[in-house]
Amino acid sequence: MEHDVGERRDELLAGLCGRVIEIGAGNGMNFRHYPATTDEVVAIEPEAYLRHLAEHAARHAPVRVSVRGGLAEALPLKDGEFDAAVASLVLCSVAEQSPALAELRRVLKPGGELRFFEHVRAEAPRRARVQGALDRFGAWPFLAGGCHCSRETVGAIEAAGFEIERLRRFELGPSWVLTNPIVLGVARARA
Ligand SMILES: C[S@@+](CC[C@H](N)C(=O)[O-])C[C@H]1O[C@@H](n2cnc3c(N)ncnc32)[C@H](O)[C@@H]1O
């Protein structure tokens, strides 16, 4: 079991280079964890209040960050603009994963990398059934602001045309928490 979310954010972003797109940036929690090798981060956040907080965080970030409105499913960006993309605790919240992942693939250069840090459906059948039922009946999305706890995000990433290069699966905090397990890794857009 692991505890430190800040350390996981460092791990997520370590070694990133060039132009990076981050979807669902929230209040900009990741910004201070970007390494100095990053040229620029374009952070997309649909919710106005969170975007306001993210703009504040951007001013204190160690790298250049610009914050924009928009949805992951319809990114206001050109094809092939980015070297890397970051999805951090957001593929649980988008209405549908496949259009959001297709958009990430579109804005990445061929061979660009996707860094992901997401909670996913448990492997243990009984626990997965509980997660599935909570999502199906809308209880978890209602309680957790649109979040889903039973998504098979790694499979969705592969189905969208990415190849998993690195993947670590672990629990963050107590294992009974329904937002466990976590997957943290790197996938590469197939050329
Ligand atoms: C749990 S927060 C995670 C925030 C941040 N990425 C982090 O790691 O702390 C989920 C974020 O996804 C955003 N979000 C929800 N639906 C979205 C969508 N369709 N496109 C982009 N962002 C979305 C929410 O507004 C929220 O900021």
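Glu45 sits in the loop between strand S2 (38–44) and helix H2 (48–59). Helices (H or I, at least four residues) and strands (E, at least two) are DSSP runs, numbered from the N terminus. This is a predicted model, where local features need pLDDT of at least 70, side-chain atom pairs count only at pLDDT 80 or more, and totals for chains, interfaces and linings use all residues. Residues are numbered from 1 along each chain as its sequence is written, and side-chain values use heavy atoms, with hydrogens and water left out.

Is Glu45 buried or exposed? Glu45 is buried, yet it has no salt bridge. Buried means under 20% relative accessible area, exposed means over 50%, and partly exposed lies in between (1.4 Å probe, protein chains only). A salt bridge is a side-chain nitrogen of Lys or Arg within 4 Å of a carboxyl oxygen of Asp or Glu. For Glu45, the nearest side chain of opposite charge is Arg51, 6.2 Å away. Lys and Arg count as positive and Asp and Glu as negative; His and the chain ends are not counted.

The side chain of Glu45 does reach the backbone nitrogen of Ala25, at 3.5 Å. Glu45 also touches several residues, including Gly24, Leu50, Arg68 and Gly70; residues up to four places away in sequence are not counted. Contact here means heavy atoms within 4.5 Å.

## Strands S2 and S3

S2 and S3 run parallel and are joined by 5 bridges. Two strands pair if DSSP finds at least two bridges between them.

Pro76 lies in the loop between S3 and strand S4 (82–88). Pro76 counts as partly exposed because its relative accessibility is 46%. Pro76 touches Ile44, Arg68 and Gly69, leaving out residues up to four places away in sequence. Pro76 and Glu103 are 27 residues apart in sequence, and their C-alpha atoms are 9.8 Å apart.

## Salt bridges

How many salt bridges does a search of the whole structure find? The search finds 11. Side chains of opposite charge can pair when their charged atoms come close. Three of these pairs are listed here.

| Pair | N to O distance |
|---|---|
| Glu11 and Arg8 | 2.9 Å |
| Arg106 and Glu103 | 2.7 Å |
| Arg169 and Glu123 | 3.6 Å |

Take Glu11 and Arg8. They are 3 residues apart in helix H1 (residues 5–13), so about one helical turn separates them. Glu11 is partly exposed at 26% relative accessibility, and Arg8 is buried at 11%. Arg8, Glu11 and Arg168 are linked in a network of salt bridges.

Arg106 and Glu103 are 3 residues apart in helix H3 (residues 97–107), so about one helical turn lies between them. Arg106 is partly exposed at 26% relative accessibility. Glu103 is buried, with a relative accessible area of 12%.

Arg169 and Glu123 meet in a salt bridge too. This pair links distant parts of the chain, 46 residues apart: Arg169 is in strand S6 (residues 162–170), and Glu123 is in the loop between strand S5 (108–119) and helix H4 (125–136). Arg169 is partly exposed at 35%, while Glu123 is exposed at 63%.

Glu118 is found in S5. Glu118 is buried and has no salt bridge. Which side chain of opposite charge is nearest to Glu118? That is Arg151, 7.7 Å away.

The side chain of Glu118 reaches two backbone nitrogens: that of Leu89 at 3.2 Å and that of Leu91 at 3.1 Å. Leu89 lies in the loop between S4 and H3. Leu89 has a positive phi of about 55°, although it is not a glycine. Leu89 is partly exposed, with a relative accessible area of 33%.

Glu118 also touches a set of residues, among them Thr153 and Pro181. Pro181 lies in the loop between S6 and strand S7 (182–189). A cis peptide bond joins Asn180 and Pro181, with omega about 0°.

Technical notes:
A polar contact is a pair of N or O atoms within 3.5 Å; within protein, one must be able to donate a hydrogen and the other to accept it, and residues adjacent in sequence count only if both atoms are side-chain atoms.
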